[in-house]
Amino acid sequence: MPGGLLGIESLDRVEIEAILDRAKYFQPQQAEGRKQMLRGRMIVNLFFEASTRTRTSFEIAAKRLGADAISITASGSSVDKGESLVDTLNTLGAMHPDAIVMRHAASGAPHFLARHLPTPIINAGDGTHEHPTQALLDARTILDRRSSLEGLRAAIIGDIAHSRVARSNMYLLSKFGAEIVLCGPASLLPVELSKITPGVTLTHDIREAIRDADVIMMLRVQLERQHEAAFSASEYFRFYGLRLEHMGLAKPDAIVMHPGPINRGREISSEVADSQRSVILNQVENGIAVRMAVLERILTN
Amino acid sequence: MRLVVKNGRVIDPASRLDAVRDVAIEDGKIAVVGENLDAAGAEQFDATGLIVAPGFIDMHVHLREPGFEYAETVESGSRAAAAGGFTSICCMPNTSPVNDNATVTSYIIERAARHAIVNVFPIGAITKNSAGEELAAFGSMKQAGIVAVSDDGRPVMNARVMRRAMETARSFGIPVIDHCEDLHLSAGGDMHEGIESVRLGLRGIPAASEDVMVARDILLAEVTGARFHVAHISSRYSVEMVSFAKLRGLPVTCEATPHHFVLSDSDMPSYDSNYKMKPPLRSACDVGAVLQGLISGAVDAIATDHAPHPGSEKMQEFEKCPFGIIGLETAIGIALEQLVHTGKITLARMVELFTTGPARVLNLDRGRLTAGAPADITIFSTEHRWTYDVNKSASKSRNSPFHGREFRGGPVATIVTGRVVWSRE
């Protein structure tokens, strides 16, 4: 991956498999202290948008590999003083970090920067576009429980239109021959979604989405975008919230995933979130293993 | 002062002439178009192998003066126009202050008289400050020199205000040009709503936001009898509606920009803001409809919507970048590439789209090579190979998606009132 990791769309299967295999190698060793693969390397985590888990996860992944990691958040930085994105990145680039991990509220912000900067950029979520490491950790989590992604039926439910997690997962699952069902109210589920990658169908009925599903991915209700949905919180939960009563429709060994942070009682009931089916905390664990694999791959190429 | 343009293939749609001729110019006016004219004692321009056409008119340009001189000025914009083969340009009123009164109109005309190397015809605002509420002073602006009214970029949302604008414009014999966009439907959008916007996670500007306004304005044009012109038409249904209006005999016209007939939304390299404009680059199907309109006659003119923005404004997150691209210098090259070399239209039709087409929309006494007419002449080639280098642009801005594009044919010399104001090195 020369030049970093901007999205899943442009990755091929071989590359994805290599990362997922390497992440498996890192899984049990997480607790075993620091490795030295990236000793002496410098990684800057630049978060223009609030994030707890992704930022911490990248920081820990870097440190477990022996790299030095510095985290910068937009508030209190030069961004607050009106510096442009290009100038901020140029300034940081001039300090010669080995990679920049970046989260930004604007779709395409890392892609735009990658065209102007020599430093490899790892996209930690750009607007409503992609969140590649999330899809990789989701795939790792599924593969910890299934032998292959091929033929799996994955339901992605919620505000798909505004979800970078949904897009990255769609690209990844589609590349490996999974069947993807997207579900949400029409205002959050543009019909064009079914055309951006093969194997995708759409439904507005959560029961139809869950029927025979192997994987159920719930998305956070983005409260700031609720006016787009024309749904009140209670109306939303009533029609698109995942509850225990739905689980009987899915495959008996179906798993429930969520990129977090979860809103209990909004898109997922507490009973489901805390049930045996939920792998939400495994996702968090795998986040570190996958990010270690990504950092290692980009920095030691 | 006499100038003879020798041996060019003269294409003058107004007189249906397409033949090798000489064009003699005297005192800034066309003296005679004929064969083997005596050029003794006159300055000569050898146009052998070149096309000699009436001066091209770009009816949709942003000159940014007054107010945004860092992006463009009347002078720099006029130089870019000349380098693009245009002898006349019409500048939109979204300056600062807005051209919504005779004082600003006169200011622009005075700046043009002093600094512009091509003819500049201002377009006045429809409403005061283009705020969409109170009508601007059409009459006094017309006396000061405007040729049309438009709230380009800030379309009049209130249909009643638009109706009054059309009635008033009709009384003064000027057309109403509308940038057709329902701002509620397009709110927050960054590119055409479709597969590409969904794929890229960018907010969409639906074609319907253009179509509903084209429909509204056609209906109002019928009610008021006003001449209504659709700026930068880009969507399939809008082209169909303009065709329909023409079939009904309404005085409805439209223009298309080169970028809307050569690029679609899927041509944008990832998040390149030089591909961000309004209306946005639409689907391949819409591009096809605009091309069809250029062939069928539904589209009356090619206009560039030359919209300069400094690099600092375009070097940002895509959603923060302003809309618009420059286009004066690439228009002829693109028209040849996409329309003529492909055999879609004849050279004569292309010349018409740049001359008699816009002249008719605006009622301008330009765009023809008859004796006594102002000697505005565009000389271009259909063959020479060249590559557009935006860094050598005469414009003050660099926001073009066509940087590095290779063209076959383009402007060679531009003559304004009998004077060669630009020629290719």
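Domain bounds come from an automatic or database domain assignment. The model shown in these views is predicted.

**View 1. The two domains of chain B.** Chain B is split into two domains. Domain 1 covers 2–51 + 374–423, and domain 2 covers 54–362. Taken over C-alpha atoms, the centres of domain 1 of chain B and domain 2 of chain B are 25 Å apart.

**View 2. The contact between the domains of chain B.** Domain 1 of chain B brings 31 residues to this contact, and domain 2 of chain B brings 45 residues. On the domain 1 side, four strands of chain B each supply at least two residues: β1 (2–12), β16 (377–387), β17 (406–416) and β18 (419–423). β17(B) gives the largest share of that side, with seven residues. By class, the domain 1 side has 15 nonpolar, ten polar and six charged residues.

**View 3. The contact between chain A and chain B.** Here 19 residues of chain A meet 15 residues of chain B. The chain B side holds seven nonpolar, four polar and four charged residues.

**View 4. An open sheet in chain A.** Five strands of chain A line up in the order β1-β5-β4-β2-β3. Their pairing is parallel. β1 (4–5) and β3 (68–73) of chain A are the edge strands, and each pairs on one side only.

**View 5. Strands β4 and β5 of chain A.** Strand β4 (residues 99–104) of chain A runs parallel to strand β5 (residues 121–126) of chain A. Four bridges join the two strands. Which residue in β5(A) is the bridge partner of His104(A)? The partner is Asp126(A).

Definitions and conventions: Residues numbered from 1 in each chain as written. Chains lettered and ligands numbered in written order. Predicted model: local features only at pLDDT ≥ 70, side-chain atom pairs only at ≥ 80, totals over all residues. Contact = placed C-beta atoms within 7 Å. Nonpolar A, V, L, I, M, F, W, Y, C, P; charged D, E, K, R; others polar. Pairing = 2+ DSSP bridges.
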